[in-house]
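Please have the structure open beside you as you read.

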Amino acid sequence: MRYAQGGGLTDAERAARERIRLQAVECFEGGKKNQEIAAALRVSERSAERWRRAWREQGEVGVQSKGSPGRPRLGPDQIARLERELERGPLAHGWADQRWTLARIKTLIGRLFHVSYTVEGTWRLLKRRGWSWQQPTRRAIERDDDAVEVWKKGDLAAGKSTAAERGAWIVFEDEAGQSMTPPRARAWGRIGRTPVVRVRGRGSGRVSMAGMACYKPGERSRLIYAIRAYRGRKDEPKGIGWRDFRDLIVRARIQLGGPIVLVWDNVRLHLTAGMREFIDANAEWLTVFQLPTYAPDLNPTEGVWSLVRRDIGNLAAADLGQVTRAVKRKLKMLQYRPEVIDGCLAGTDLPLDL
């Protein structure tokens, strides 16, 4: 019976282990061979031989369990420190691929506390503390977390105050695009046979999207968007330009019926001379704040794009028009689901009380 060092045993497991040892003693006294004992008790022959040797030297007392080390040998303060170190990530501890595995966490425990855990014991420890095996999200290594916190206390706080004074909407804007190749989504398949999604190798083009997630206390959250399809034709715009952003902002003001505090990132099209002139000319109803660099997780519109990509996952589109219709259908559906738009804001952990 396998025992995970450092993980502890339940009372039932300890009792079962003791019964097996007592049965082994009876087998020794009956003259059975190690192979027969291992098969009868469902243990390894090495265990049977080790118990027989202890029985010969010390009798029944030698076969009895020496007792369980009990629950994890790390104290509450040590466990709290371990969790803080895990939150820092594998990169801070010398692993380049930034993936926490049980073997690495076991090694980290040894480094920090000079305590030996097995892989199984490490798994038990993590499960008891609310940790699980998860798919990580991506974040730019150039991101400055301190700058993000400063932005939340500075620009975001100023934006909230401005919105409260003017009775304005807080509007988060972002862009995304989708080609003919669909996002890959998980699907059921036979073990050992990876499911195959057949897509068209021919055809080109891209669907560009610009969206605004709009929030105001006491009001239903809104989603306003613009779509442009590029099919590779002569003199056709390849994507959304700054004039499209300008028109989208104007349309948002008309639909929302009030001032706007606009929050967006620092892409080049947001900083063009024409856009700056438009913002300055409409300062009475438009206030703009820039998101920190490499911080897309602060923009709830990123959550909208995630929902769109999930809906068109594995889509075998016949042409770009089918992709465009699928994107529009999903965005239109989200416009009638304000609770989902609220959920996208909640996913950012921004301190906005709506």
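This is a predicted model: local features need pLDDT of at least 70, side-chain atom pairs count only at pLDDT 80 or more; totals for chains, interfaces and linings use all residues.

The largest pocket has a volume of about 2700 Å³, while the largest cavity has a volume of about 50 Å³. Helix 2 and helix 3 also cross each other, at roughly 115 degrees.

**How confident is the model?**

- Look for helix 2 at residues 34–41 and helix 3 at residues 45–58, whose axes come within 8 Å.
- The crossing of helix 2 with helix 3 is right-handed.
- On the helix 2 side, the contact is made by Asn 34, Gln 35, Ile 37 and Ala 38.
- On the helix 3 side, Glu 45, Ala 48, Glu 49 and Arg 52 make the contact.
- Sorted by class, the residues of this contact are 3 nonpolar, 2 polar and 3 charged.

**The largest pocket**

- The lining of the largest pocket is made of 50 residues, and the closest to the pocket's centre are Gln 135, Pro 136, Thr 137, Arg 138 and Arg 139.
- Five helices to find are helix 5 (76–88), helix 6 (102–113), helix 7 (119–128), helix 8 (145–166) and helix 11 (301–311), and each supplies at least two residues of this lining.
- Helix 11 gives the largest share of the lining, with 6 residues.
- The lining of the largest pocket has 21 nonpolar, 12 polar and 17 charged residues.

**The second largest pocket**

- The second largest pocket holds about 280 Å³ of space.
- Among the residues that line the second largest pocket are Thr 181, Pro 182, Arg 184, Ala 185 and Asn 314.
- Other parts of its lining include Thr 194, Pro 195, Val 197 and Val 199.
- By class, the lining of the second largest pocket has 6 nonpolar, 3 polar and 2 charged residues.

**The largest cavity**

- The model has 3 cavities of 30 Å³ or more.
- Around the largest cavity you will find Trp 151, Asp 155, Leu 156, Gly 159, Lys 160, Ile 170, Val 261, Val 263 and Phe 289.
- Helix 8 and strand 4 (260–264) are the elements that give two or more residues to this lining.
- Helix 8 gives the most to the lining of the largest cavity, with 5 residues.
- The lining of the largest cavity divides into 6 nonpolar, 1 polar and 2 charged residues.

**The second largest cavity**

- The second largest cavity has a volume of about 40 Å³.
- Its lining is formed by Gly 177, Gln 178, Met 209, Trp 305, Val 308, Arg 309, Ile 312 and Val 327.
- Strand 1 (169–179) and helix 11 each supply at least two residues of this lining.
- Helix 11 has the largest share of the lining of the second largest cavity, with 3 residues.
- In the lining of the second largest cavity, 5 residues are nonpolar, 2 are polar and 1 is charged.

Key. Residues are numbered from 1 along each chain as its sequence is written. Side-chain values use heavy atoms; hydrogens and water are left out. Axes are lines fitted to C-alpha atoms, for helices over the stretch in contact, and angles run from 0 to 180 degrees between N-to-C directions. Helices (H or I, at least four residues) and strands (E, at least two) are DSSP runs, numbered from the N terminus. A crossing is left-handed if the near helix is turned anticlockwise from the far one by less than a right angle, and right-handed if clockwise. Contact means heavy atoms within 4.5 Å. Ala, Val, Leu, Ile, Met, Phe, Trp, Tyr, Cys and Pro count as nonpolar, Asp, Glu, Lys and Arg as charged, and the others, Gly among them, as polar. On a 1 Å grid over the protein atoms alone, a cavity is a set of points where a 1.4 Å probe fits but cannot get out, and a pocket is an open set with protein on both sides within 12 Å along at least five of seven lines; lining residues have an atom within 4 Å of a point. Grid points are joined across faces, edges and corners, and a volume is the space filled by probe spheres set on the points.
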